[in-house]
Amino acid sequence: MVKERKIVCRCEDLTEEEIIHAIEEGYDNLESLKRYTGATTGACQGKGCLMHIIRILSQKTGKSPEEIGVTTQRPPVNPVPLYVLSEGGESE
Amino acid sequence: MRVAIIGAGVMGLSTAYYLAKLGAEVTVFEQKYLLYGASGRNSGGITPMIDKKELIPFALKSLELYDKLPAEVDFNFLFRKDGYVKVAASDSDAEKLKRDVRVQNELGVKSRIIEPSEVKELVPDLNTDSIVLASYCSESGVIFPWPVVWGLAKGCRENGVEIKDQTAVDEIVVEGGVKGVRAGGEFYKADIVVNAAGAWSNKVSEKAGVKLENKILKEEICVTESIKPYLDPYLYDITYGVYLSQSARGEIVGGITGREVEEISTDSTLEFAARYAKRATQLIPKLKGLAMLRQWAGVYDEGKDGLPVVGFTEVDGFVQANGLGKHTGMIVAPALGRELAKLIVKGDNPNLKEFSPRRF
Ligand SMILES: Cc1cc2nc3c(=O)[nH]c(=O)nc-3n(C[C@H](O)[C@H](O)[C@H](O)COP(=O)(O)OP(=O)(O)OC[C@H]3O[C@@H](n4cnc5c(N)ncnc54)[C@H](O)[C@@H]3O)c2cc1C
């Protein structure tokens with residue numbers, strides 16, 4: 001039998017069930033949940049999954065998405081190869 | 001005995017854990033969430049190959065504790081002991097490595113000097129022309145800092161410690177001696193208040209009326225996309241301050257050691273990314289095509305003479321537990337926390353005398 005798996009984060013291969021489990025273990029704010037599960041930290045850096053994670057957190061904790069907030073966006077916006085970076089930065 | 005600990009980083013939590021085991025009633029206050037401080041932002045390099053002799057016994061003890069703690073608290077710290085390599089890119093730094101290794105060996109650290117060709121056996125794609133000499137210690141490696149914090153927090157709670165996150169300590173109440181703290185609008189009575197606030201320690205100390213002049217350092221760091229297991233040891237270039245290692249998730253994590261700053265800031269800069277990428281790809285040219293996914297920064301503190309500040313102050317009941325220093329905080333915290341717990345409960349601990357706040 002194939003168990004229904006609702007994938008919420010493709011990069012880290014996380015299911016809705018796993019996210020809910022983590023919230024129940026006490027990782028019930030966005031910053032902790034993201035670090036504990038790895039959601040939003042994969043190749044897409046949250047572009048694909050952040051909204052799902054916020055929805056699940058909201059449903060489980062009763063907090064509004066506004067209360068939950070969003071995680072800090074860190075540079076770079078898109079992945080940049082090191083050889084490109086190493087040619088930047090005039091200082092030194 | 002009631003103890004209030006300010007800061008839920010690796011120092012505050014280690015101290016709390018061992019205090020609770022000695023029977024104290026402990027509350028830990030964290031202004032934000034667990035992992036907000038340097039303990040949640042660092043690169044997890046763990047080695048007794050340190051250039052400050054006072055810290056070496058604590059590093060050796062912490063290595064033992066890092067072996068024991070995961071079973072004690074039932075949480076895997078993902079400590080991968082594949083060695084630690086320090087490389088020097090100048091003749092004077094090569095001399096420094098030699099001097100440091102001599103001192104380390106005298107104190108029981110099994111480190112040794114190795115030639116670039118031997119480094120290449122440990123780091124297959126190393127460009128041997130980019131370095132002069134190296135030192136190596138096999139009983140070292142990379143720990144994942146997040147499970148360290150989560151695991152210690154779990155151990156704390158299971159021993160009765162209350163951890164209050166999103167609760168900043170706004171006031172330390174002192175009347176003669178310490179009476180307690182005010183946090184989140186409430187008063188908490190305490191016989192002992194411990195300042196384990198990392199980069200914020202100077203500010204926290206001020207609240208108790210105690211002068212503390214730790215240096216504040218900001219350090220930037222980044223990760224690349226994940227690749228299959230490739231880089232075994234932790235690699236630290238002491239000349240450029242550039243370090244890199246591979247995380248449990250396969251990312252190459254790397255940064256440049258901290259610079260002193262006036263104000264606390266965790267901004268990321270392009271200048272860092274460029275400087276890091278340049279040196280990292282000189283050391284291992286094969287990394288050139290790897291993409292950087294994310295960069296961030298953390299802040300930590302160091303005692304003004306370079307050593308941690310741990311122990312009783314002139315205000316009765318007010319205890320410092322900060323200044324852990326550049327690339328040594330994760331290494332020494334478990335052992336320091338354990339010794340500090342003994343100091344607090346017994347009133348004295350000769351093992352900590354070099355770190356006494358009263359030395360200044
Ligand atoms: C990028 C980077 C890489 C590093 N690499 C290494 C390494 O490889 N090896 C190594 O050993 N070390 C490394 N370090 C250093 C190490 O991370 C720190 O020394 C260590 O984490 C400090 O722990 P701490 O508990 O003293 O401080 P922190 O972890 O910063 O904890 C202090 C906590 O106090 C809280 N706080 C502050 N003020 C208040 C208040 N008023 N009320 C309540 N809470 C408050 C803060 O929010 C914070 O969470 C690195 C650091 C950085 C930034």
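This is a predicted model: local features need pLDDT of at least 70, side-chain atom pairs count only at pLDDT 80 or more; totals for chains, interfaces and linings use all residues.
How far apart do the end C-alpha atoms of residues 2–343 of chain B lie, and what percentage of the span is helix and what percentage strand?

1. The end C-alpha atoms of residues 2–343 of chain B are 14 Å apart.

2. The stretch just described carries a label in a record. In an unreviewed UniProt entry, residues 2–343 of chain B are annotated as "domain: FAD dependent oxidoreductase".

3. The surroundings of the ligand come next. The ligand is surrounded by 38 residues. The closest are B:Glu30, B:Gln31, B:Ser39, B:Ser43 and B:Gly45. By residue class, the shell around the ligand consists of 19 nonpolar, 16 polar and 3 charged residues.

4. Which elements of chain B each supply at least two residues of this shell? They are helix H1 (10–21), strand S13 (215–226), strand S17 (291–302) and helix H8 (329–346). H8(B) gives the most, with 3 residues.

5. Several distances between the protein and oxygen atoms of the ligand may be checked in the structure. For B:Gln31, one of the closest residues, a polar side-chain atom is 2.9 Å from a ligand oxygen atom. In B:Asn42, a side-chain N or O atom lies 3.3 Å from an oxygen atom of the ligand. At B:Met330 the atom concerned belongs to the backbone: an N or O atom there is 2.9 Å from an oxygen atom of the ligand.

6. How much of the ligand's exposed area does the protein bury? Taken alone, the ligand exposes 1,000 Å², and the protein buries 99% of that area.

How values were computed
Residues are numbered from 1 along each chain as its sequence is written. Chains are lettered from A and ligands numbered from 1 in the order in which they are written. Side-chain values use heavy atoms; hydrogens and water are left out. UniProt positions are given in the numbering used here, feature names are shortened, and annotations may be inferred rather than shown by experiment. Helices (H or I, at least four residues) and strands (E, at least two) are DSSP runs, numbered from the N terminus. A residue is near a molecule or strand if one of its heavy atoms lies within 4 Å of it. A polar contact is a pair of N or O atoms within 3.5 Å; within protein, one must be able to donate a hydrogen and the other to accept it, and residues adjacent in sequence count only if both atoms are side-chain atoms. Accessible areas come from the Shrake-Rupley method with a 1.4 Å probe; for residues, only the protein chains shown count as cover. Ala, Val, Leu, Ile, Met, Phe, Trp, Tyr, Cys and Pro count as nonpolar, Asp, Glu, Lys and Arg as charged, and the others, Gly among them, as polar.
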